[in-house]
Amino acid sequence: MNNIKMFLVRYAEIGTKGKNRYVFEDILCKRIRRRLEPMGEFKVWRDFGRIYIEALSDYDYDEAVEKLTKIFGIVGLCPVTVADELTYDALRDATLQHFEDTCGDKGYDFSFKVHTRRINKNFPMNSMEIDMEIGHDLLEKFEGEGLHVDVHKPDVMVEVELRGENGYVYSKIIPGPGGLPVGTNGKAMSLLSGGIDSPVATYMIAKRGVEMEAVYFNSPPYTSARALEKVQNLGTIVSQYAGPIKLHIVNFTDIQLCIYDNCPHDQLTIIMKRIFFQIAERLAKENDCDAIVTGESIGQVSSQTMQSLAVIDAAVTCPVYRPVIGMDKQEIVEYSQRIGTFETSIEPYEDCCTIFVDKHPVTKPKMKSIEKSESHLVGKVEELIDKAVETAEVVWLK
């Protein structure tokens, strides 16, 4: 594969954007350039519903593929061989070379079909004639090694495109994550913990084109340095897809102790999460974020019942997005395994949601009861919240 000097980028949803499509294409090109910049010199451009990447210097093919297939907006990545002249001989040579580059190490005992898109109508042969001639030339060279034609269900579809002054040949589609390019749909603040759910939620919202920031509530000495490191590692994994994530580390110990000393213990988690949301909203507004993102799923724990979520949401005015709200735990686990966060998430380091938890927490809290309990915090917690926001540490995860 080291001979591959060009990739064709396939997208799906971007193609439905009508007159605004060029905006999404330009942002996707920008994301691709940034991701490839440390690897060498590349040219990235768009042309008639296609995005091309050309390597202008030596590069690591496997590393490039790994990085490109983690960019939201890309549904497929096709290694391309280019015919530099729009003649049949150049097209034939490019196809034969492409077969050698992409299949040479695996052998040729498989079926194929040639499919031509003749965008440049000045080429003297029509699409069917090109299909037949290219197929004949491939069989002539590789039939003795097992290559054969299957026009109905081929193992390999050889795509030939005639555009402008060049011909492009590709036969492999490496899957990408899909979605929309990050930066096309605003910015959100994610409540990131060390669990399984919140990294998945962060990933899912980023996949819709949303730039992500995150906040983590740290409670030393009740939570360890390893717990913070775990969260940073999770955010770094998600950043491989979402791009750099600005993580706000909020010291929550004094606030948590204040709640513990002044509120009923069966309401600790609800009141704590309401203050989480209030702090997250303040950080969101300061950083031009449009919403809060959490990894809550209905009924998973006591603070995630319908009644609990309604009481927690009432603490803020900005939108709260919960992309895993209707998923069961196994579905979330499978998603986390797919994106690579699961093994880190199950490392045994605590977070502040798991300490000071009552044995019998309230599952159907009433707003009046919660507000009555929070009245005991008036004059005590406000200054602690201000201090927590002002002293929040910022770390970039990338």
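Colleague: Which residues lie nearest the centre of the second largest pocket?

Modeller: As a general idea, rolling a probe the size of a water molecule over the atoms shows where empty space is left. In this predicted model, the second largest pocket has a lining of 13 residues, and those nearest its centre are R35, S239, Q240, G243 and P244. Two or more lining residues come from each of α1 (21–36), α2 (61–68) and α6 (225–242).

Colleague: How much space lies in the second largest pocket, and what is its lining by class?

Modeller: The space in this pocket is about 360 Å³. Its lining has 7 charged, 4 polar and 2 nonpolar residues.

Colleague: Is I279 buried or exposed, and why?

Modeller: I279 counts as buried because its relative accessibility is 0%, and the cut-off for buried is under 20%. This residue belongs to helix α8, which covers residues 268–286.

Colleague: With which residues is I279 in contact, leaving aside its neighbours within four places in sequence?

Modeller: They are F217, V250, F252, I255, I385 and V389. With its own neighbours within four places likewise left aside, I275 is in contact with F252, I255, I259, L377, V381 and I385. For a pair separated in sequence, consider I279 and M189: they are 90 residues apart along the chain, and their C-alpha atoms are 11 Å apart in space.

Colleague: What do the contacts and burial come to for the protein chain?

Modeller: Among contacts with a separation of 6 or more, 79% join residues 24 or more positions apart. Of the 398 residues, 52% count as buried.

Colleague: Why is the protein chain described as more spread out than a compact globule?

Modeller: The chain has 13 helices and 15 strands. Its radius of gyration is 27 Å, well over the 21 Å that the globule rule gives for 398 residues, and therefore the chain is more spread out than a compact globule. The C-alpha trace spans about 85 × 35 × 35 Å along its principal axes.

Methods:
Residues numbered from 1 in each chain as written. Predicted model: local features only at pLDDT ≥ 70, side-chain atom pairs only at ≥ 80, totals over all residues. Heavy atoms only, no water. Helix = DSSP H or I, 4+ residues; strand = E, 2+ residues; numbered from the N terminus. Buried < 20%, exposed > 50% of the residue type's maximum accessible area, 1.4 Å probe, protein only. Contact = heavy atoms within 4.5 Å. 1 Å grid on protein atoms, 1.4 Å probe; cavity = no way out; pocket = protein on both sides within 12 Å on 5 of 7 lines; lining within 4 Å. Points joined across faces, edges and corners; volume = space filled by probe spheres on them. Nonpolar A, V, L, I, M, F, W, Y, C, P; charged D, E, K, R; others polar. Rg over C-alpha atoms; globule rule 2.2 N^0.38 Å.
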